[in-house]
Amino acid sequence: MFGKLLKYDFRSMFKQFAFIWPAALALALVNHFTVNGLDSTSTVGETTAGVSMLVYVAILMAMFIVALVFAIQRFYKGLLGDEGYLMHTLPVEPWQLIGAKLLCAVVTTFLSVVVAILSVLVIVPWSLEDLQVLFKGFQYLFGHWDLEVTRAFLGLLELLLLMLVSFATGFLQLYLAMSVGHLFNKNRVAMSVVAFIAINAVMSTLLSTVVPGLDPIIWPLLNGQSGQSLYHRSMWLAIAGELVLSAIYFAGTEFILRKKLNLE
């Protein structure tokens, strides 16, 4: 059943972004030719390039705004709104409902980041020589794989993992705020905003109190480390911190959906 939940959410996601992702890449390709082929003496060329770049930036901004709104709507309408009457009658646990929404939101945001990066690379004026050098670089890299390359690759994966976990933490905080706001009978959207602010304030206070107390544990792990070792340990400490926050937000949201849900 969890797989069916994911299928349902991902199908909705791809319908939502089937236009905006290709549009961002298509506008990047247009900008590749307008910006890189810009004739500084041509007013028409400057105007065309400026308008094209403006539309491209607007599409990128819209893409991330839509990704955030999509994540909020899928949770609010799907679990706390009218669709909630159906979703909560399914033979699944509340944590599965939350997990499906969360995974879809994280993947949607991650894919939007990937599209944004790819679009920037499309705009860059790559020459045939540049591509040949890049290809030879990868060829050499994989042909001379050693410990240093492995560590660098692991560092990249750690950064990617931290980004994904950070996305999850942010969305789970939103989910918890919406769930708390839904406990009220009136002004639920406004109360969700108040709950979000309150959660931020409480967590900031707790972190400012708890983190200094963890210094005897954290500093021995980092003291005396340098270079890649310091980077790897710092990344895993950051990932662990985000996971703890995610677990707190997830548990709070699951408790409300399981014990305190009010769809009236």
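A salt bridge here is a side-chain nitrogen of Lys or Arg within 4 Å of a carboxyl oxygen of Asp or Glu. The model is predicted, so local features need pLDDT of at least 70 and side-chain atom pairs count only at pLDDT 80 or more, while totals for chains, interfaces and linings use all residues. Residues are numbered from 1 along each chain as its sequence is written, and side-chain values use heavy atoms, with hydrogens and water left out.

**Whole chain**

Start with the cartoon view. The protein has ten helices and zero strands; helices (H or I, at least four residues) and strands (E, at least two) are DSSP runs, numbered from the N terminus. Read along the sequence, the pattern is α-α-α-α-α-α-α-α-α-α.

Colour by pLDDT, the predictor's confidence in each residue, from 0 to 100. The mean is 81, and 79% of the residues reach 70 or more. Among the elements, helix 5 has the highest mean pLDDT (90) and helix 9 (residues 215-222) the lowest (56).

Switch to a surface. Of the 264 residues, 34% count as buried. Buried means under 20% relative accessible area, exposed over 50%, and partly exposed in between (1.4 Å probe, protein chains only).

Contact means heavy atoms within 4.5 Å. Of the contacts with a separation of 6 or more, 79% are between residues 24 or more positions apart.

**Stop 1: the aromatic cluster**

Select Phe14, Phe17, Trp21 and Phe70, which ring pairs link into a cluster. Rings of Phe, Tyr and Trp (its six-membered ring) pair if their centres lie within 6.5 Å; planes under 30 degrees apart count as stacked, over 60 as edge-to-face and the rest as tilted. The structure holds four aromatic pairs. One of them joins Phe14 and Trp21, edge-to-face, at 6.4 Å centre to centre with 80° between the planes. The rings of Phe17 and Trp21 have centres 4.9 Å apart and planes at 25°, so this pair is stacked.

Which of these residues are buried? Phe17 and Trp21 both are, Trp21 with a relative accessible area of 10%. Phe14 is partly exposed at 46%.

**Stop 2: Val92**

Move to the loop between helix 4 (84-87) and helix 5, where Val92 lies. Val92 is buried, with a relative accessible area of 13%. Show its surroundings: not counting residues up to four places away in sequence, Val92 touches Met1, Leu5 and Leu97. The C-alpha atoms of Val92 and Phe2 are separated by 7.4 Å, although these residues are 90 apart along the chain.

**Stop 3: a nonpolar patch**

Return to the surface and select Leu25, Ile117, Leu118, Val120, Leu121 and Val124. Together they form a nonpolar patch with about 460 Å² of accessible area. Patches are made of residues with over 30% relative accessible area and no salt bridge: like charges are joined within 9 Å, nonpolar side chains (Val, Leu, Ile, Met, Phe, Trp, Tyr) within 5 Å. The largest share, four residues, comes from helix 5 (residues 94-123). Val120 is found in this helix and is partly exposed, at 44% relative accessible area.

**Stop 4: Gln173**

Next, select Gln173 in helix 7 (residues 147-181). Is Gln173 buried or exposed? At 9% relative accessibility, Gln173 counts as buried. Beyond four places in sequence, its contacts are Phe196, Ile199, Asn200 and Tyr249.

**Stop 5**

Side chains of opposite charge can pair when their charged atoms come close. Select Glu254 and Arg258, whose closest N and O atoms are 2.8 Å apart in the salt bridge. Being four residues apart in helix 10 (residues 227-259), Glu254 and Arg258 are separated by about one helical turn. Glu254 is buried at 13% relative accessibility, whereas Arg258 is partly exposed at 42%.

End at Lys260, in the segment after helix 10. Lys260 is partly exposed, with a relative accessible area of 46%. Leaving aside neighbours within four places in sequence, Lys260 is in contact with Leu183 and Phe255. Lys260 and Leu183 are 77 residues apart in sequence, with their C-alpha atoms 7.2 Å apart.

Notes:
Accessible areas come from the Shrake-Rupley method with a 1.4 Å probe; for residues, only the protein chains shown count as cover.
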